[in-house]
Amino acid sequence: MSGLPETVGTIRAPLALGLLALAFVLLALSGVAFGSTWIALDQVAGVILGAGDRTQQIIVLQLRLPRVAIAILAGGGMAVAGFLLQKITRNSLASPGVLGVIDGAALGVVIFLAALSNESNALVTSIAYQPVAAAIGALVAISLVFILSGRQASSAIRLLLFGIAVAAVAKSLTMILMLIGPIYQTSQAARWLAGAVNEVNWGEIQITAIAMVPIMLLVLVACRKLPPADLDEVSARGIGLDLPVFRILIFALAAALTALSVAFVGGVGFVGLMAPHLARLLVGRNIFAGLVGSFLLGAIMLVGADLIVRVLFAPVEVPAGTVTAIIGAPYFLFLLMGKQRHDG
Amino acid sequence: MPVVYAALTLALCGALLSSMTLGYRLYGLDQVWAALFAFDGSETAVVIANLRLPRAVIAPLVGAGLGVAGVIVQTLARNRIASPDTLGLNAGASLGVVVASFWLGIGSLVGLSLAAALGALAASLLVFAIAAGAGGLSPLRIVLIGVTIAGLGHSLVEVVLTTNEAQLQQLLFWLSGAFVDRPMALAQTGAPIIVLGIALALLLARQLDALQADDSTATGLGVPLVLVRGGSFVAVSLLTGAAVAMAGPVGFVGLVVPHAARWLVGLRHDRLIPVAALIGAIYATLADVAARFVIYPTEAPVGAITAVVGGIVLLALLKRRAA
C-alpha cells in the first residue's frame with residue numbers, strides 16, 4: 001500500500017478521537033432536537049429523564065430517539081465491518097457490500113415482497129417480518145460465499161471475488177424481480193435498498209443491540225491480533241498466528257455485523273466503505289483507534305444523513321442511506337487533497 | 001495464441017448470428033441474409049434490418065469497450081476488483097440521465113445518450129482533476145477518489161429516484177442498461193469512439209505492462225508515469241463514455257471480462273486488450289440474446305443478465321484456478 005502517508009502522532013490519535021466523540025454526541029443530540037418541531041436540548045434531556053409534556057414525550061421517545069439509536073448501531077456496525085474487511089484483505093475497495101451480504105439481504109426482501117403479496121398487491125402478512133427476510137437472505141448469501149470458496153476462503157482476494165460474484169447474482173435477481181413486480185413492491189424495495197432509519201421501534205433496536213454487543217466484544221478481542229495480519233502469510237505464521245483461520249473468523253464477524261446492520265435499516269453500504277478510510281486519515285493507523293474511529297464516523301454519517309433528510313426533504317420521507325455519501329464524500333475528498341501537501 | 005484468437009472470433013460470429021436470428025420471432029439465416037443484402041421492404045426484412053441489426057452491432061461494441069476499459073482500470077488501480085464504475089463513470093452517466101430526464105425534461109433516447117456520455121465524461125474529469133490536483137495519480141488515490149465520486153453520484157441519483165416514485169420503474173430499466181430499440185445512428189457515432197479507445201489502449205500496452213509493477217520499477221523502466229496514466233484515463237473515458245451512451249450503465253462486464261482474459265492469455269497487455277475486447281463482445285451479445293428470453297415476452301435489462309452470467313462465470317473461473 002503506497003500512497004497515503006503515515007499520519008499517526010502519539011498525541012494526535014487520542015485528540016482526534018476525543019473530537020470525534022464530541023461531534024458524535026452533539027450530532028446525536030441534535031438528531032433528537034431537530035425535526036418538524038424543534039425541541040430545545042434541555043427539554044430533550046428532561047424528557048429522557050421522565051419530565052416533559054405528553055406530545056414531547058411521544059416525539060422524543062417514540063419518533064426521534066429510535067431513529068437516532070438505530071442509525072448509531074447500523075452506521076457504526078457497518079463501519080466496523082468495513083474496517084475489519086479492509087484491514088484483513090489489505091484491499092482499499094473492500095467493504096461490507098462486496099461480501100454479498102447486502103445484496104443477499106436485498107434479494108430476501110424482494111422475494112418476501114413478491115411472494116407474500118396477494119392479487120391486489122397487498123401484503124398478506126405484516127411488514128414487520130421484512131427484517132427477518134433480510135436476515136435470512138444475508139445468511140444464505142454469506143453461507144454460499146463460504147461454501148463455494150471452500151478451502152480458498154483463507155485467501156483474501158479470492159474470498160472478495162467470490163463475494164462479488166455472489167453479490168452480482170443476487171443483485172441482478174433483485175433487479176429482475178423489481179422490474180416485473182408491481183409499482184408498490186418496486187418502491188418499497190427501492191426504499192429498502194437505499195436504507196432508511198424511520199419506522200423502527202424499540203423492540204427492533206433491542207434485538208439489534210443485544211446481538212451486536214457480543215460481536216463487538218469479540219471484535220475488540222480479535223483486533224488485538226490484527227496488526228500481525230498486516231504481515232504476509234509467512235511472517236505471520238512465524239510469530240505463531242494461524243492466519244487462514246484467523247482471517248475466516250474476521251470475515252465471519254464482519255458478515256455478522258453487516259447482516260445485523262442491514263436487517264432493520266437496509267442497504268447503507270457506502271458507510272462501510274468510506275468510514276474506515278476517513279478514520280485512517282483522521283486518527284492514523286493504530287488498530288484500536290481506527291476501530292473506535294470507524295464506529296464513531298459510521299454512526300456520525302448515518303445520524304447526520306438522517307438529520308439532513310428530515311430537515312431538507314420534509315415532509316417527504318427520503319431514505320437516509322441515499323445521502324450518507326453526500327455527507328462523507330466531500331469531506332473525504334478534502335482530506336485526500338490536503339494530505340498530499342504534507343508529504344509532497 | 002492464434003488458436004485463442006481464432007476460437008474467440010468464431011464464437012463472436014456465432015453469437016452475432018444468434019443475435020440476428022433468435023428473439024420474439026425466430027428467423028432463418030436465409031431471411032437474415034435477404035433482409036441485409038436484398039432488402040424488399042417486407043415486415044420480416046424491416047424487423048431484421050431496423051430492430052435486430054442495431055442490437056447486433058451495439059451489443060458487441062459496448063461489450064468490447066467495457067472489457068478493455070476494465071483491463072485498463074484494473075491495471076491503473078492495481079486492484080483486481082476495480083472496474084470502470086470504480087472511477088465513477090457509470091455513476092456519472094446515471095446522474096446525467098436522471099438530471100436530464102427530471103430537471104431538463106429530456107425524454108428522447110438521443111438526448112439521454114448525450115446526457116449519459118456527458119455525465120461519464122464529467123465524472124472522469126472530476127476524478128482526474130482532483131487526483132492530479134492533489135499531486136499524485138497513485139493507484140490508491142485514484143481508487144479512493146473514484147469510489148468517492150461514484151458514491152456521491154449514486155446517492156444523488158437515489159435521492160432523485162426516491163422522491164419521484166412515479167417515474168422510478170421506467171428509469172430503473174434505463175439505469176440497468178439495455179440494447180433494445182436503439183437507432184443505428186447511435187452505433188455509427190459510438191463505433192469510431194470505441195475503436196479509437198481500443199487503439200489508444202493498444203498503443204499504451206507496453207507501458208501498462210510496466211505499470212503493473214510498483215511506481216519506482218515503472219519509472220526505472222523509462223515509463224513516463226503521468227503521461228501513461230493520463231492516456232489511460234482518456235482511453236477509459238472514451239470507451240466507457242461511448243458504451244454508456246449506447247446502452248446505459250451495463251454492469252459487471254468491466255469487472256469479469258479482464259479476469260477471463262487474464263485466465264486465457266496471461267498478463268501481457270498487447271494480448272490482454274484484444275482478447276478482452278473479443279470476450280467482452282461475445283459476452284454482451286449473448287447477454288443481449290438471453291435478455292430476450294428470461295422474462296419472455298418482456299425484455300429483461302441486459303445489465304441484470306450480464307451480472308448473473310458474469311457472477312457464475314467468475315465463480316467457475318475461481319473454482320478452476322484452485323485446482
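The model is a predicted one, in which local features need pLDDT of at least 70 and side-chain atom pairs count only at pLDDT 80 or more, while totals for chains, interfaces and linings use all residues. Residues are numbered from 1 along each chain as its sequence is written, with chains lettered from A and ligands numbered from 1 in the order in which they are written.

Helix 4 of chain A is thus mostly covered, with 12 of its 15 residues buried. This helix, residues 101–115, reaches 21 Å from its first C-alpha to its last, close to the expected 21 Å (1.5 Å times one less than the number of residues). Across chain A as a whole, 51% of the 344 residues are buried. Chain A holds 14 helices and 0 strands, both taken as DSSP runs numbered from the N terminus (helices: H or I, at least four residues; strands: E, at least two). Of the contacts in chain A between residues at least 6 apart in sequence, 78% join residues at least 24 apart; a contact here is a pair of residues whose C-beta atoms, placed from the backbone, lie within 7 Å.

Turning to chain B, the axes of helix 12 (residues 253–265) and helix 13 (residues 269–291) of chain B come within 9 Å and cross at roughly 125°. Axes are lines fitted to C-alpha atoms, for helices over the stretch in contact, and angles run from 0 to 180 degrees between N-to-C directions.

Finally, the two chains meet through 54 residues from chain A and 50 residues from chain B. On the side of chain A that touches chain B, two or more residues come from each of helix 6 (156–180), helix 7 (183–194), helix 12 (269–283) and helix 14 (324–343) of chain A. Helix 6 of chain A gives the largest share, 18 residues.

How values were computed. A residue is buried if 20 or more other C-beta atoms lie within 10 Å of its own, exposed if 12 or fewer, and partly exposed in between; C-beta atoms are placed from the backbone.
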